[in-house]
Amino acid sequence: MIDCEDRPAHTRLKVAAASRTGIELRRISPAIGVEVSGIDLRQPMSEEQARELRQALVAHKVLVFREQNITPAQHVAFARRFGELELHPVFPHHPDHAELVLLGGNSKIPGTENVYHTDVSWRETPSMASVLRCVECPEVGGDTVWINMEQAYEQLPETRKQQIAGLYAVHDILPSFGARMTPAQQAQARGKYPPVVHPVVRTHPESGQKILYVNETFVTHFANFSSNFDSFRSANEIHAQQQDLMNYLLRQPAILEYQMRLHWEPNTIAMWDNRSTQHYAIQDYFPAVRRMHRATVVGDKPF
């Protein structure tokens, strides 16, 4: 990876001396995200390019590629270099490539992704990464915000870290997607995707860093809150303190210092590490149209 010496000091990146690919990274914010140049995603990637991008993804959490006029087939091929691709059970799919989900509303129905979340945390094995391509977007508005949840955990007070150590949370598909389903579909989804339990603080399987892993879209409650505390006088007190703690944790992604913000243009691609980030698609453009294609890489069970 190559970094330009004539950039301001705060935007420079340390470079692997052995790099020969010509990939260049430029930081988007101090907390998270880099813009990637020096690679054409229409072309097959070398092993070295794929390795560098994966290292950059783990380190910087969001990779942004501009002016990448790729086909749906090339989109799928690029994402598949990082692992097996999932099929989403609710979102509509591309007619020729089921691995691509079609996101966005239309001039009559606004998009509904304007909430802080981590993709598919309701799965037993949530996704590793997502690759999102802008097909159509308004000239103004429709930005996406990503949040560094590793930093969110790191900057918690030590008392909070101690309080959430060993806690688990329940993640559920139905509170978010149930409104799109008939009662019969809800029953089917409940059978196929029952609520799952993940640690409130997960460990990144590649970096070893700790990550705050609760989000307001899919997390419903703690799984073992009362077993961690033995000083409550009543069930009402347990419930109130559980809600207070959960609300405190769910407020952390809104801290601006943990964020980056991306203004979309057609053929912009963003790839992010779902294990260590949350994101929020700003809904400030309706009734203008914003259409996106997303491929999602299968991950691993949080620990």
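Me: Which is Val-120, buried or exposed?
Reply: Val-120 counts as buried, at 2% relative accessibility, where buried means under 20% relative accessible area, exposed over 50% and partly exposed in between (1.4 Å probe, protein chains only). This is a predicted model, in which local features need pLDDT of at least 70 and side-chain atom pairs count only at pLDDT 80 or more, while totals for chains, interfaces and linings use all residues. Residues are numbered from 1 along each chain as its sequence is written, and side-chain values use heavy atoms, without hydrogens and water.

Me: And where does Val-120 lie?
Reply: Val-120 lies in the loop between strand S4 (101–103) and strand S5 (127–136); helices (H or I, at least four residues) and strands (E, at least two) are DSSP runs, numbered from the N terminus. Val-120 has a positive phi, near 45°, although this residue is not a glycine.

Me: What about phi at Lys-61?
Reply: The phi of Lys-61 is positive too, about 80°, and Lys-61 sits in the loop between helix H1 (47–60) and strand S3 (62–65). Lys-61 counts as buried, at 4% relative accessibility. Most residues other than glycine have a negative phi, and most peptide bonds are trans.

Me: Changing topic, which residues does Phe-65 contact?
Reply: Leaving aside neighbours within four places in sequence, Phe-65 is in contact (heavy atoms within 4.5 Å) with residues including Val-36, Leu-53, Phe-78 and Met-271.

Me: Where is the cis peptide bond?
Reply: The cis peptide bond joins Phe-286 and Pro-287, with omega about 10°, and Pro-287 is in the loop between strand S14 (277–281) and strand S15 (291–298).
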